Amino acid sequence: MWSNSSTRPIVDSFERCTDPVALNQWHPLSAVAELRRGVTYQTLLLGEPLGYGIDDAGEPVVWPAKALHLPAGSPLPATPPAGLPTQVSYGYLWTTLGDPQPLFAIPEADEPDRRVLNAATIGIATSAPRAVENFLDMGHFPFVHAGVLGAEPHTEVVDYRVDVVDGEVWATGCRFPQPKAAPGSSASAMTDYTYRVPHPYCTILYKSCPFDESRRDVIGLFLQPMGEEAVRANMLLCVVDPISTDTEIRRFQLGIFSQDKPILENQVPRRLPLSPIAETPIRADKSAIAYRRWLSEMGLTYGVIPAADGAA
Amino acid sequence: MNDEGIAAAPMLDAAFSWFPIASSEDLPFRHTYHTKLLGRELAVWRADDGYVNVWEDRCLHRGVRLSIGLNDGAELKCQYHGWRYASRSAGCTYIPAHPADAPARTICCTTFPVVERYGLVWSGEEPLGDVAQVALFGDEGLTLRPVPIHAPAALVAERLRSYRFRPNPTATGSSGECTVESGDERAVVVTARDGTAEMNVVFFVQPVDARTCVVRGLLVPRPVDDAVVGVLRHHNERMSTLRDEVEEAAAVMPPPPPMQPRVRAPAPVAEPTHTPADTRTAPLRVVVARKWATADGIAGFELESIGERLPAFQPGAHIDVHLPNGLVRQYSLTNGPGDVVRYRIGVKLEPDSRGGSKALHESIREGDVLAISEPRNNFPLRRDRATTILIAGGIGVTPLIAMAQALGHAQLDFRLHYFAQSPAHLAFPEVLDLLGERVVRHLGLGPTETGQRLQEILAERRPSSQVYVCGPGSMLGATRQMAAELGWPDDAVHFEYFKNTTVVDDSSAFDVELARSALHLRVPAGTTILEVLAEHGVIVASSCQQGACGTCLVSVLDGVPDHQDVYLNDAEKQRNDRMLVCVSRAKSPRLVLDV
């Protein structure tokens with residue numbers, strides 16, 4: 001169900017999305033470097049079965065499977081019917097089912113000495129907003145990523161700042177003591193974080209770079225909402241690291257991901273409740289509180305449980 | 001089995017019935033078990049005292065299943081953010097992201113009633129009466145392997161009526177005869193006879209959800225040990241056959257509508273620590289279950305709830321005890337984690353008692369009923385430091401005993417330095433013994449020697465250590481001053497005064513404006529802000545009224561308070577944004593309070 005390259009036909013078991021907010025976004029489908037040219041892949045986006053691929057000239061192609069159903073692995077059609085808009089950004093193939101604004105910018109990705117790579121793509125049985133909220137959360141580091149991104153008893157989340165700037169949620173001044181913040185870290189360090197949510201299903205963090213004090217590593221989490229309660233999570237790395245191999249970087253991030261996945265899949269309900277009293281927020285959850293309000297204000301309904309009218 | 005195998009009871013709505021939800025052996029110590037009843041997911045765990053907790057399977061914070069949490073024998077710890085919930089009350093005792101705050105009392109998981117009987121654990125939404133009574137049935141049965149079946153409970157119960165088995169499967173010969181003694185959709189009793197041999201099997205059906213159930217069987221009487229394996233194998237075969245048949249039948253039936261577990265009201269949003277929730281109320285009634293002399297001049301009391309179970313508490317918490325003579329006194333709970341059935345306090349007979357400690361020592365006896373407040377915690381224990389130094393003077397040991405046990409249970413490093421006159425003056429010696437070498441006793445020291453000893457203790461400062469101190473005012477003052485001189489930061493030195501021994505200067509007169517109540521009041525000399533507010537019907541929660549407990553903390557919007565309390569530390573006082581209205585007054589002619 002999670003694999004985009006499976007030869008099994010994808011069962012059309014998801015309800016199609018009718019939420020204009022979710023439809024009018026760019027959504028990632030795959031890391032381009034991981035696609036074989038000229039081959040058809042299948043996936044689901046917002047419940048809609050899609051065929052896609054990269055043609056021999058390196059151009060992306062995406063089309064709804066209802067217009068042309070091809071088994072995965074078939075030769076990629078040159079001009080499929082009802083082709084959807086595409087773009088390749090930050091190494092991923094993006095598409096849309098609606099009429100989106102331009103994709104958010106990550107200026108650091110253009111710096112020549114940055115390593116830009118897809119660290120991991122994994123399926124998670126949860127909603128995209130639950131995955132975003134988990135990414136924004138520092139409080140779970142000592143428990144879920146024990147010995148790596150945090151360690152008991154150092155559990156305090158000190159106050160930080162949250163703002164909505166130019167339509168994006170920003171959390172700044174976040175600090176957390178980390179035993180091993182990145183594959184290049186050798187010792188425990190107080191790590192500075194900035195979080196940014198520019199898209200309802202995409203989030204980016206900027207954290208202290210162990211190799212260059214003056215710069216910050218950039219890590220992106222881009223969710224492909226296959227359905228309301230099923231995502232493929234893509235992790236973009238855009239880091240200054242002259243030493244680690246790609247494999248080492250990937251292994252580190254995959255390790256982190258594999259710790260988050262069982263937690264996310266045991267969160268009930270899977271869709272993110274937007275009512276402020278549905279769960280029990282604390283001060284440390286300031287960024288999540290702002291994210292939920294931001295989603296409510298944009299009127300998103302896909303992957304969330306909207307707050308009752310007026311309660312948002 | 002005579003008469004009816006199961007006592008006749010009118011069929012109740014499923015929400016009001018008891019169902020078996022686990023076998024007792026599913027719940028070994030330090031394990032957490034997941035099950036489902038009537039569509040609701042449950043986290044089930046046994047505390048080290050044997051008590052079985054049945055809770056809604058969601059952490060209140062972010063909805064992660066508690067059944068993947070850690071059972072430490074006293075508390076269940078959520079895997080996601082380490083929130084801790086106490087056995088029995090299910091109240092939250094610690095939120096690691098905010099180690100300096102006591103969790104709001106309202107953060108409490110949904111619990112369900114529980115009974116353990118016949119090797120099974122029983123629960124229900126709001127069950128009435130008692131669990132099924134099985135006639136002629138002691139605890140001598142044999143619990144069969146639970147069999148999950150993908151079919152509705154009613155259909156399975158119906159098929160169980162035609163369950164047939166041999167009382168003695170290892171014997172050859174006739175297959176005997178079976179009769180259904182009784183049965184409804186919750187339970188079926190089948191009796192098999194073969195000559196003189198007779199065996200009963202009682203089946204209880206756990207409706208997991210609309211499409212699934214678990215059949216939990218009991219054999220009565222328990223077969224002799226040699227026969228157990230053969231009997232279990234026999235029933236395993238028969239049950240497997242029954243399962244295959246009933247699942248086949250269910251597969252061609254229209255699927256039943258899903259069960260919607262009744263939605264419970266969400267927990268209220270966490271309240272800030274210092275929100276005055278209620279004024280001095282005593283909603284709990286407790287009986288003095290035990291009173292004893294725990295040390296020279298110190299009486300120990302164990303207080304047991306009448307009716308409702310006692311609310312959760314955290315180390316450092318105290319209760320207000322309302323005495324028959326009208327006085328209200330605060331006492332710290334000495335209980336460690338998991339010790340949640342009785343509140344335990346220590347009361348020192350004060351020579352100049354105004355009637356509080358005297359009443360408890362002389363009038364109150366075992367069996368008496370007292371009114372107490374819910375536990376409040378103005379002295380929360382941070383558990384995010386590598387080392388904790390606890391310094392107790394005399395009866396000031398009581399909150400620190402609770403802290404020492406919590407730190408020990410969490411396997412965090414600590415020392416409890418206990419200053420007392422003599423061995424006979426050490427309170428709760430049995431708890432001290434359990435804490436072992438981590439308790440350091442300093443006995444019979446004069447003021448100078450005490451000062452030297454404190455100096456030595458505080459000289460061992462490491463970046464990730466903290467100090468908690470509780471005792472007489474002079475000792476606290478000395479400890480705080482010494483700590484400051486030795487470079488301890490304010491936020492690493494925590495203290496609780498039993499009483500504020502500084503003399504309050506109440507000679508000033510000034511005005512207060514209450515921003516929220518829109519009142520403008522005059523506070524004359526000799527009267528406290530708290531008293532003036534109360535006269536005008538504005539109730540601010542307060543407790544010690546000595547500037548020590550922090551209950552009456554309010555926000556200051558304008559003006560300069562004249563801090564006279566011992567609760568706020570110097571840095572907090574300098575900010576002038578909060579004050580204790582029971583003792584503190586105004587330096588400016590006017591104060592604006594957020595009340």
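This briefing describes the structure shown above. It is a predicted model, in which local features need pLDDT of at least 70 and side-chain atom pairs count only at pLDDT 80 or more, while totals for chains, interfaces and linings use all residues. Residues are numbered from 1 along each chain as its sequence is written, and chains are lettered from A and ligands numbered from 1 in the order in which they are written.

**Chain B overall**

- Chain B has 9 helices and 34 strands; helices (H or I, at least four residues) and strands (E, at least two) are DSSP runs, numbered from the N terminus.
- The C-alpha trace of chain B spans about 100 × 55 × 50 Å along its principal axes.
- Of its 595 residues, 45% count as buried, that is, with 20 or more other C-beta atoms within 10 Å of their own, the C-beta atoms being placed from the backbone.
- Among contacts in chain B between residues at least 6 apart in sequence, 65% join residues at least 24 apart; a contact requires that the two C-beta atoms, placed from the backbone, lie within 7 Å.

**Domains of chain B**

- The domain assignment, which is automatic or from a database, gives domain 1 (1-8 + 139-256), domain 2 (18-127), domain 3 (284-372), domain 4 (387-497) and domain 5 (510-593).
- The centres of domain 2 and domain 4 of chain B, taken over C-alpha atoms, are separated by 34 Å.

**A sheet in chain B**

- An open sheet of 6 strands in chain B has the order β20-β19-β22-β17-β18-β21, with antiparallel pairing; two strands pair if DSSP finds at least two bridges between them.
- Its edge strands, each pairing on one side only, are β20 (328-332) and β21 (342-348) of chain B.
- Within chain B, strand β17 (residues 284-295) and strand β22 (residues 369-372) pair in the antiparallel sense over 4 bridges.
- B:Val286 stands opposite B:Leu370 in β22(B).

**Chain A and its contact with chain B**

- In total, 23 residues of chain A are in contact with 27 residues of chain B.
- The side of chain A that touches chain B has 13 nonpolar, 7 polar and 3 charged residues; Ala, Val, Leu, Ile, Met, Phe, Trp, Tyr, Cys and Pro count as nonpolar, Asp, Glu, Lys and Arg as charged, and the others, Gly among them, as polar.
- A:Trp63 lies in strand β4 (residues 60-64) of chain A and counts as buried because it has 22 C-beta neighbours inside 10 Å.
- Not counting residues up to four places away in sequence, A:Trp63 touches residues including A:Leu50, A:Leu68 and A:Pro80.

Terms used
Buried ≥ 20, exposed ≤ 12 C-beta atoms within 10 Å, placed from the backbone.
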